[in-house]
Amino acid sequence: MVCIVGTFLFGWDLGGQKVVYASWRSGDRRWPYLCQFWVGIPAWPALVQTAFDQPLGDGFMRPPSLARTGNDAPHELDMWHQQYHSRFEMGTVFTMIAGLLNILVIFDAAAGPVGSSPLSSPPQPSGKKRKGSRGDTTDEDAVPEPRGPGQAVGEDAKT
Amino acid sequence: MNDWLVFAEVYRLWYSLPLIVTVSLVYAATRHEDLGPILKHATRTIVWILAFMVIVFVILYVLSERL
């Protein structure tokens with residue numbers, strides 16, 4: 001969590017605190033927000049700002065205005081790029097990666113570490129406890145498999 | 001003189017270091033539960049990413065020299 005939120009905040013500040021916003025207007029489809037969204041609550045105010053025509057508060061995570069004062073005049077997004085140049089893109093990348101990493105963490109929280117033994121694996125016949133990354137089971141949890149008519153105890157391990 | 005201008009842009013590469021460390025740590029944490037294996041896996045991942053970046057750099061450098 002420290003790594004992900006730290007990366008998100010670092011990228012957010014690197015881009016002048018303007019790189020996280022949601023916009024789906026023609027001329028400014030903010031694809032990076034699809035990745036930033038998965039950071040969670042820190043990125044969700046951008047959705048609230050998009051829902052209103054006028055920016056709330058001091059414009060925290062608001063989308064830029066695309067209105068131009070003249071034909072060749074730059075709009076606000078152009079000004080942001082001009083002001084923060086490469087740091088705007090770098091901050092966008094940082095916040096995007098933070099969101100994508102959080103998807104990994106969500107899967108980890110939901111299904112456990114990748115490669116761990118599943119809980120429904122067959123019990124081992126030895127008297128030792130079966131060690132897993134999560135969900136350690138004891139012999140009390142083990143359910144013996146049905147044996148064939150001539151199969152002796154201890155032959156499970158061989159088959 | 002222009003060759004030296006390349007090194008003026010190298011400072012941006014430092015931005016990749018926190019990213020590499022973060023990605024490695026989080027990825028390792030999704031594969032293990034204990035701190036020891038997480039740090040070992042993360043270290044291995046950092047080396048792999050850096051090696052991959054160096055390989056890509058060498059390829060691009062060689063290609064750019066031939067242009």
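1. A residue is called buried if 20 or more other C-beta atoms lie within 10 Å of its own, exposed if 12 or fewer do, and partly exposed in between, with the C-beta atoms placed from the backbone. By this rule A:M61 is buried, because 25 other C-beta atoms lie within 10 Å. A:M61 sits in the loop between α3 (45–51) and α4 of chain A, and its phi is positive, about 60°, although A:M61 is not a glycine.

2. Please keep in mind that this is a predicted model, in which local features need pLDDT of at least 70 and side-chain atom pairs count only at pLDDT 80 or more, while totals for chains, interfaces and linings use all residues. Residues are numbered from 1 along each chain as its sequence is written, and chains are lettered from A and ligands numbered from 1 in the order in which they are written. The model scores ipTM 0.75 and pTM 0.69. For chain B the average pLDDT, which is the predictor's confidence in each residue from 0 to 100, is 86, and 87% of the residues score at least 70.

3. Helices (H or I, at least four residues) and strands (E, at least two) are taken here as DSSP runs, numbered from the N terminus. Chain A has four helices and two strands, and they follow the pattern α-β-β-α-α-α along the sequence. Chain B has three helices and zero strands, in the pattern α-α-α. Buried residues make up 22% of the 159 residues in chain A, and 15% of the 67 residues of chain B count as buried. Two residues are in contact if their C-beta atoms, placed from the backbone, lie within 7 Å; among contacts in chain A between residues at least 6 apart in sequence, 59% join residues at least 24 apart.

4. The helix α4(A) deserves a careful look. At 1.5 Å a residue, a straight helix of 36 residues would span 52 Å, whereas α4(A) spans only 43 Å between its end C-alpha atoms; the expected span is 1.5 Å times one less than the number of residues. At A:Y84, α4(A) bends by about 105°, where the bend is the angle between axes fitted to the seven residues ending there and the seven starting there. Just after α4(A), A:G112 takes a positive phi of about 85°.

5. Which residues of α4(A) are buried? They are A:M90, A:G91, A:T92, A:V93, A:F94, A:T95, A:M96, A:I97, A:A98, A:G99, A:L101 and A:N102. What covers them includes α1 and α2 (32–36) of chain A together with α2 (16–29) of chain B.

6. A nonpolar core is a set of buried Ala, Val, Leu, Ile, Met, Phe, Trp, Tyr and Cys residues joined through C-beta atoms within 7 Å. The largest one has 28 residues, of which A:V20, A:A46, A:I97 and A:A98 touch the most other members. At least two residues of this core are supplied by each of α1, α2 and α4 of chain A and α2 and α3 (35–66) of chain B, and the largest share, seven residues, comes from α4(A).

7. Where the chains meet, 17 residues of chain A are in contact with 13 residues of chain B. On the side of chain A that touches chain B, the elements that give two or more residues are α1 (2–14) and α4 (76–111) of chain A, and α4(A) provides the largest share, eight residues. The residues of this side divide into eleven nonpolar, four polar and two charged; here Ala, Val, Leu, Ile, Met, Phe, Trp, Tyr, Cys and Pro count as nonpolar, Asp, Glu, Lys and Arg as charged, and the others, Gly among them, as polar.

8. From chain B, B:Y27 in helix α2 touches A:L104 and B:T45, not counting residues up to four places away in sequence. B:Y27 is partly exposed, because 18 other C-beta atoms lie within 10 Å. B:Y27 and B:A42 are 15 residues apart in sequence and 7.5 Å apart in space, C-alpha to C-alpha.

9. A last point concerns A:Q17, whose phi is near 60°, a positive value in a residue other than glycine. A:Q17 is placed in the loop between α1 and β1 (24–25) of chain A, and A:Q17 counts as partly exposed because it has 13 C-beta neighbours inside 10 Å.
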